[in-house]
Amino acid sequence: MTGALDQDRELAHDEALLPPFERLLHEAPAIIYVYDLIEARSLYQNRELGDLLGYGAREPRPHDWRELMHPDDIARFPEHRERLRALRPGESALFEFRLRDAAGEWHWMMSRDVPLSFSPAGQVVQILGTATDATERRRSEEGQRLLARELKHRVKNEFLPSVTARLRALARAADLLVDTEWTRVPVGELVERTLDSLPHLSGRIQAVGPALELAAGPSLTLGLVLHELATNAMKYGA
């Protein structure tokens, strides 16, 4: 136990001895690095990778990104490296990949790389990059995609049939207006035609009332209202 405490004190002491600018970089929420494309090695990193992924001071601390990178993303990295080699001044390249944290969970990371130095022939030699945790953003995007798929499903299976049914209700009211030469529509007949189009309600609803007639505009509106009431009765047992 004493040895572990001494190790913690030593790490804290080492960080306290960092120059102010180095200490500021060490506290940055992102990994900042300089990578040599020619030698294929890291020249600088502001903090250890384990700090960002929850590895404690006494746990084996990975130093090479490939130790923690998802195999599928390792397979994609050579393509990203070729994009880095083709960068021009002012250009940048993004790369999203997964790293395994101390608990064994995968974190999505996003790196942004820019050329830092070039060879006399114009080839990128060193790149400056940052890597930040993009897990929450990816989860949010996935949630939005799921929501979009659900909305698409509901539109296809609920909204369109509902609109079609309403249009049919309007068409029935319009047919009745044609039969009466667009004068006045008997309310009783409008009710009967609406209910006839809903066989599930056959024999379950009785229309009783005085003989009334409506003008063209109100009869179309009433036809829709009756359709809504009848379909709600079927859905909810009203």
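Two aromatic rings from Phe, Tyr or Trp (its six-membered ring) make a pair if their centres lie within 6.5 Å. By that rule, the structure here, which is a predicted model, holds four aromatic pairs. Let's walk through two of them, then look at the largest pocket, where some of the residues turn up again.

**Pair one: Trp65 and Phe97**

- A pair of aromatic rings is described by the distance of the centres and the angle of the planes.
- For tryptophan 65 and phenylalanine 97, the centres are 5.6 Å apart and the planes sit at 50 degrees, so this pair is tilted.
- Where do the two partners lie? Tryptophan 65 is in the loop between helix H3 (49-52) and H4, while phenylalanine 97 is in strand S3, so the pair ties together parts that are 32 residues apart in sequence.
- Buried means under 20% relative accessible area, so tryptophan 65, with 15% relative accessibility, counts as buried.
- Phenylalanine 97 has 2% relative accessibility, so it counts as buried too.

**Pair two: Phe77 and Phe95**

- Planes over 60 degrees apart count as edge-to-face. The rings of phenylalanine 77 and phenylalanine 95 have planes at 65 degrees and centres 5.9 Å apart, so they are an edge-to-face pair.
- This pair also links distant parts of the chain, with phenylalanine 77 in helix H4 and phenylalanine 95 in strand S3, 18 residues apart.

**The largest pocket**

- The largest pocket has a volume of about 390 Å³.
- How many residues line the largest pocket? There are 20, and those nearest its centre are Tyr33, Tyr35, Asp64, Trp65 and Phe77.
- Two or more lining residues come from each of these elements: strand S1 (31-36), strand S2 (41-45), helix H4 (71-85), strand S3 (93-100) and strand S4 (106-118).
- H4 gives the largest share of the lining, with four residues.
- Sorted by class, the lining has 10 nonpolar residues, five polar ones and five charged ones.

Conventions:
Residues numbered from 1 in each chain as written. Predicted model: local features only at pLDDT ≥ 70, side-chain atom pairs only at ≥ 80, totals over all residues. Heavy atoms only, no water. 1 Å grid on protein atoms, 1.4 Å probe; cavity = no way out; pocket = protein on both sides within 12 Å on 5 of 7 lines; lining within 4 Å. Points joined across faces, edges and corners; volume = space filled by probe spheres on them. Nonpolar A, V, L, I, M, F, W, Y, C, P; charged D, E, K, R; others polar. Phe/Tyr/Trp six-rings, centres within 6.5 Å; stacked < 30°, edge-to-face > 60°. Buried < 20%, exposed > 50% of the residue type's maximum accessible area, 1.4 Å probe, protein only.
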